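User: I am new to this structure and would like to go through it by question and answer. Please show it first.

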2 protein chains.
Amino acid sequence: MDTIDRIKKVRSCTAALAGSDIKERNNLLLAIAEALQSNFPEIARANQADLEASGNLSPAMRHRLEFNREKLDAAIASIKNVAALPDPAGKVLMREELDKDLLLEKISVPIGVIGMVFEARPDALVQIASLCLKSGNCLVLKGGSEASNTNREIFRTIIDCSRSTFASENWIELLNTRDDVAQMLKAKNLIDLIIPRGSYDFVRYVMQNTSIPVLGHADGLCSMYIDKTANPDIAIACATDAKTNSPGTCNALENLIVHSSIAPFLLPDLAKAMEEKGVELVGDPRCAEIIGCKEATPQDWDTEYLGLKLSIRTVDSIQEAIAFIAQHTSHHTDAIITQDPQAENLFLGMVDSASVYCNCSTRFADGFRYGLGAEVGISTSKIHARGPVGLEGLMTTKYIVRGNGQIAGTYMGPGARKFIHRMLDTNGPSRILTLHTPQLDIPENN
Amino acid sequence: MDTIDRIKKVRSCTAALAGSDIKERNNLLLAIAEALQSNFPEIARANQADLEASGNLSPAMRHRLEFNREKLDAAIASIKNVAALPDPAGKVLMREELDKDLLLEKISVPIGVIGMVFEARPDALVQIASLCLKSGNCLVLKGGSEASNTNREIFRTIIDCSRSTFASENWIELLNTRDDVAQMLKAKNLIDLIIPRGSYDFVRYVMQNTSIPVLGHADGLCSMYIDKTANPDIAIACATDAKTNSPGTCNALENLIVHSSIAPFLLPDLAKAMEEKGVELVGDPRCAEIIGCKEATPQDWDTEYLGLKLSIRTVDSIQEAIAFIAQHTSHHTDAIITQDPQAENLFLGMVDSASVYCNCSTRFADGFRYGLGAEVGISTSKIHARGPVGLEGLMTTKYIVRGNGQIAGTYMGPGARKFIHRMLDTNGPSRILTLHTPQLDIPENN
């Protein structure tokens, strides 16, 4: 079967997933968790083969590729966590009486087919598969070739569990080759949303080579502005945490901007705190003069170091700071440290990024820290979902209307009947649609 | 100035629009309404020039191109209606206590720059400009060349009003040439969302030639399924209205599907009602045998007639009807006529379209009929907005967090502090951000 046919086979399962009961989906999630546990010896053997085939790996790469008992336990805990979340489908988002006996509801429904392309980490496969299953979406996956044995074994475990259920073995497909990725990115009418996970270059490649919507972010160039009224303790604590708590992540700090009137007092202590954590500092001439660091190159202000290096810039006004951020941010997360409510307001209002903070570390930009229950990804797109994205990023909406014979002609022309357009509360399940009940079992020959 | 520089000039206004007060935006809307009124003689003269330059137009084309007093009154009424709507920006969509003194809010904010490409109708320019201004978005327009004089005069009226306001004359730009459209469709980092308005081929061209998200729909191939338990009066009234109330619109009926057990009793009366309205009928062999119509060709089931022609298909089960719809629908609007709650449920649950109806005409799929206040467009995309789209289709979201020095390190590792993650009600304005107040006036040299 060629790649497009394999994707079509997945597409043909969308109605079965969308029409399934949340209990069925949760049961399948728990069955998968159990099967991963019992099938662990084979998964570990496959993982061993991948590790051996990869030759000399850096410790970081080895850590990403490894699927050991610790990773298994985390994967199983994450599946159970997802199973315990409320059903994201069938939520009533709007309910309106258009007219007597003409009821409109807008409800959440799965998007359809998600395409996931990811590098190395086999645990990403488990995570995205459980999020898609929970939300009633089908899934086409392409993992990194280094992890191909591990991915195949995990995938086999999932379809073995799915085979005799509502989902069948066709709701999920694992593709293997580089050419498969090209085919996925072109499958506009078969895949509704692409989620890439991997390096900056990898995500950027995906974004630039598909007209399918992409949920994700290529870069995370985050800034922090320390205003002239900043509390120095807060400034140093937040900047140090933002830079050093996990320097390789997308919500780590790269550009620090300091008001010139506080710089002479603040920067020496801040530089000391950073240097104690091993951070290399570069700055504009004024900053370099104060702390004696190297001067930053023009490229530095646009560089996501993803490591222990920080660019520091001085400015003479909050407006200059906001303009500097507008020029260099990747619109992921930017923060201000200030005690002045007017400056706080101006910054939070004017900085156009997915997350904008006052007086805390940029490291809070994360689905779990936001209490979303699960993280599908962090989006720097403004369309569909922005910032840390939970299960709602895998949902779209559908308008449903139930009437008793109403026609449009009645509401037009002379003597037209008027709509009521009364908004009703959105509590409780749909009053029109009873999804996921045995009532749906109308015999095929009906 | 070349096209890209003109688009950049618009982009540079996004902060001014996003940071503006809703009162300022409403005042500018009302000023534009007044100026269109007082400038009408010049607009009418420009429109006359367009009409003369266009030579022999069909009555329909002439009606679209004409900007007469009636169109002016409608345009002014629509601006006033938009001005009276609530502010779509700054709505609190989520509010959560992450921890003590660490408050998260998700608020609605304008998307940024909207790109609108449209054919003929100059009133579309007024409509989209007022929707963008209301929502705090900047706008790049490209209208049809037939209406270039009228568009230019309306555009001049709008920028004359805007010049001495917060928005300046740069928030909106009118482009003119075919090459400008190509440049717009490539301006991925300058334009956030494209809205095309025009013929099927035109919208399709736009969708296929840009990687910028597009809000709209190319085709509206709507279906209605008459179940075996349908009330015949409701079936005939709804089908006739759906086909004939306004056959040239996207929510008109094209494929009628009838259960075989009701077809012999229903189809003769239905055919009579349709033929009285001048509808040409084609059908599958069973249908042709019952009512003596021509047989449909395979292409007919995929044709949006946009006129007085209807394809009729018989099926032996609701499942067959749903499968047929899945194969041929454009996912715009599909309806079932039934008295059976199980069939209703199955249809509403399984048909994957933006609007799905029971016992009413497909013609209700419209922003005004849904009570959205204004219609930005009807989307058949599943991403961002689906179905009739009101002002919320021009909004994105932003997460804002205010703390008092919290760092991520506190919530990690041994002895980690736990998040509270308590959802708060979303009533009232932001508790963090006071947008649109004189407080924002921090002097530039601050």
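**Chains, core and interface**

User: What share of the 446 residues of chain A counts as buried?

Analyst: This is a predicted model, in which local features need pLDDT of at least 70 and side-chain atom pairs count only at pLDDT 80 or more, while totals for chains, interfaces and linings use all residues. Residues are numbered from 1 along each chain as its sequence is written, and chains are lettered from A and ligands numbered from 1 in the order in which they are written. Of the 446 residues of chain A, the buried share is 53%.

User: How many helices and strands does chain A have?

Analyst: Helices (H or I, at least four residues) and strands (E, at least two) are DSSP runs, numbered from the N terminus. The C-alpha atoms of chain A fill a box of roughly 85 × 70 × 35 Å along the principal axes. Chain A holds 15 helices and 17 strands.

User: How far apart are the C-alpha centres of domain 1 and domain 2 of chain A?

Analyst: Domain bounds come from an automatic or database domain assignment. In chain A they give domain 1 (3–215 + 386–394) and domain 2 (222–366). The distance between the C-alpha centres of these domains of chain A is 36 Å.

User: Which residues touch the most other members of the largest nonpolar core?

Analyst: A nonpolar core is a set of buried Ala, Val, Leu, Ile, Met, Phe, Trp, Tyr and Cys residues joined through C-beta atoms within 7 Å. Contact likewise requires C-beta atoms, placed from the backbone, within 7 Å. Not counting residues up to four places away in sequence, Phe347(B) touches Tyr225(B), Ile318(B), Ile322(B), Ile336(B) and Cys358(B). Of the 272 residues in the largest nonpolar core, those that touch the most other members are Phe347(A) and Phe347(B).

User: Why is helix 15 of chain A largely enclosed by the rest of the structure, and which elements of chain B do its buried residues pack against?

Analyst: Helix 15 (residues 341–350) of chain A is largely enclosed because eight of its ten residues are buried. Among them are Leu346(A), Phe347(A) and Leu348(A). Within chain A, the buried residues of helix 15 pack against strand 7 (222–226), helix 14 (318–328), strand 12 (333–337) and strand 13 (355–360). From chain B, the elements they pack against are helix 2 (14–18) and strand 16 (395–406).

User: Which element of chain A gives the most to the side that touches chain B?

Analyst: The contact takes 73 residues from chain A and 73 residues from chain B. Helix 2, helix 11 (232–244) and strand 13 of chain A are among the elements that each supply at least two residues of the chain A side. With eleven residues, the element that gives the most is strand 16 of chain A.

User: What is the bridge partner of Ser355(A) in strand 16 of chain B?

Analyst: Two strands pair if DSSP finds at least two bridges between them. Strand 13 of chain A and strand 16 of chain B run parallel and are joined by five bridges. In strand 16 of chain B, the partner of Ser355(A) is Tyr399(B).

Key. Buried ≥ 20, exposed ≤ 12 C-beta atoms within 10 Å, placed from the backbone. Contact = placed C-beta atoms within 7 Å.
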